[in-house]
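Read the following with the sequence and the model side by side.

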Amino acid sequence: MTMLTLNKDTMAVVKEQDVVPLRNRVKEYATKIGMGLVNQTKLITAASELVRNMLKYAKGGKVFIEVVSKGRENGIRLVFEDKGPGISDVALAMKDGYSTGKSLGLGLPGARRLVSEFDIQSTPGKGTTVTVIKWKNG
Amino acid sequence: MKNESIKILQKRKKAILELWMKNQLAEEGLRDDLMNNEDLRVQSEELLDALLNNLSDDTVGDAESSQFDTVTDILAGISVSRARQGFSPRETGVYVFSLKDALLETLQQEIKDPVILYAQSLKISKLIDSFGIVTFETFIKGREEVILRQTDEIAEISTPVIRVWDGILALPIIGTLDSSRTQIVMENLLQEIVESGSSIAILDISGVPAVDSLVAQHLIKTVSATRLMGAECIISGIRPEIAQTVVHLGIDLSQIITKASLASALRTAYTMLQLEVVKKRRFEKENA
């Protein structure tokens, strides 16, 4: 089934102060399509994890927020795009508890568990793009 | 020949002032409600004096030269005082730019050679533009200082440590828990533990909108530090959606005592201190 994009928005994230406005924007969109509180919180938390990664490792990037529709299901798609150093071993980065920084190492694997669909593309030296979708009832 | 235009301007100061005043008074947005014409004239004359006295062949192309310090100071003063009086930045900008019109008009009357007129007009124009920018910068700087002061105040008032009972501290956290905030929370909490000799601290996160792995890491650090001080830490205010999210994220908070509400955290604290809350019995009923 084809996926339709209904609404699109872009936000640039370059400093820690941009995290809260981004979360609020995601929440706004999620509320607009009638997403429940639990799913909303999961999506916002996943966004928060990914955007923090972007800030920490790539010094910022761009976030695209879209309302997507597939059949009768509506959802939110978030694309996190950065031009940072990239991830040399994506499989390792997706493992619980692995971190090159001094964090818990739960950001990427945790975010994957919080959303319905998760995709990561990374080229060392070029940058990383993470795409997540959370369906309204997913 | 070159600095002739500057001489012209200096010689015709009076006429320029009249022209400038006329321009200002003719301006639609003149705020004679905020400043009367007499004050306006005094202010304008002071600025014009400072400008023309320091204007020379070397300085005309360089608004940042030290010779214009007095002009910049006066402009900054005008910008700040006008902002306080309730002028908009636009009105202050228009005030400076209307001087340019007066200067250029005077040059036009005196210099007949179009090439020289153009070159001189351009220089004066650039100079006054830079001065206009000074007023904007000062205005914004004034605003930014207010914002910074408020940020500091918010940071200070947003992390209160409350003694709810002898030996029990409560710390309601409202808003996002970032690194700098955690530092303040931790410092306040540890300090208060020492001062009050408390053995139990309750961290209430009802007001924290989202708990991601970074926030969780900060919470775990705070709890560890509290334990090192010999006190126990209870985290309360875990909402249902937060609980689900934390589980999916895979954060292990099982080593920490967590409660759904501040009330149940307080009850746990009482139990740990072997305190009991009982309903007061009525004396008459006992006798009856």
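Two residues are in contact if their C-beta atoms, placed from the backbone, lie within 7 Å. In this predicted model, residues 24 or more positions apart account for 75% of the contacts in chain B with a separation of 6 or more. Chain B has 288 residues, and 29% of them are buried. Its secondary structure consists of 11 helices and 5 strands.

Strands of a sheet pair through backbone hydrogen bonds, either parallel or antiparallel. In chain B, an open sheet of 5 strands with mixed pairing runs in the order β1-β2-β3-β4-β5. The edges are β1 (162–165) and β5 (257–258) of chain B; each has a single partner strand, so one side of each is left without a neighbour in the sheet. For β5(B), strand β4 (residues 232–236) of chain B pairs with it in the parallel sense over 2 bridges. I235(B) has T258(B) in β5(B) as its bridge partner.

Helix α8 (residues 213–228) of chain B lies across β3 (200–207) and β4 of chain B, at about 150° to β4(B). Helix α10 (residues 262–272) of chain B lies across β1, β2 (168–174), β3, β4 and β5 of chain B, and runs at about 170° to β3(B).

Another helix of chain B, α9 (residues 240–249), meets chain A: its axis and that of helix α4 (residues 107–114) of chain A come within 7 Å and cross at roughly 125°. That angle makes α4(A) oblique to α9(B). On the α4(A) side the contact involves G110(A), R113(A) and L114(A), and on the α9(B) side T245(B), H248(B) and L249(B). The residues of this contact divide into 2 nonpolar, 3 polar and 1 charged.

Note on methods:
Residues are numbered from 1 along each chain as its sequence is written. Chains are lettered from A and ligands numbered from 1 in the order in which they are written. This is a predicted model: local features need pLDDT of at least 70, side-chain atom pairs count only at pLDDT 80 or more; totals for chains, interfaces and linings use all residues. Axes are lines fitted to C-alpha atoms, for helices over the stretch in contact, and angles run from 0 to 180 degrees between N-to-C directions. Helices (H or I, at least four residues) and strands (E, at least two) are DSSP runs, numbered from the N terminus. Angles under 35 degrees count as roughly parallel, over 145 as roughly antiparallel, 65 to 115 as roughly perpendicular and the rest as oblique. Ala, Val, Leu, Ile, Met, Phe, Trp, Tyr, Cys and Pro count as nonpolar, Asp, Glu, Lys and Arg as charged, and the others, Gly among them, as polar. A residue is buried if 20 or more other C-beta atoms lie within 10 Å of its own, exposed if 12 or fewer, and partly exposed in between; C-beta atoms are placed from the backbone. Two strands pair if DSSP finds at least two bridges between them.
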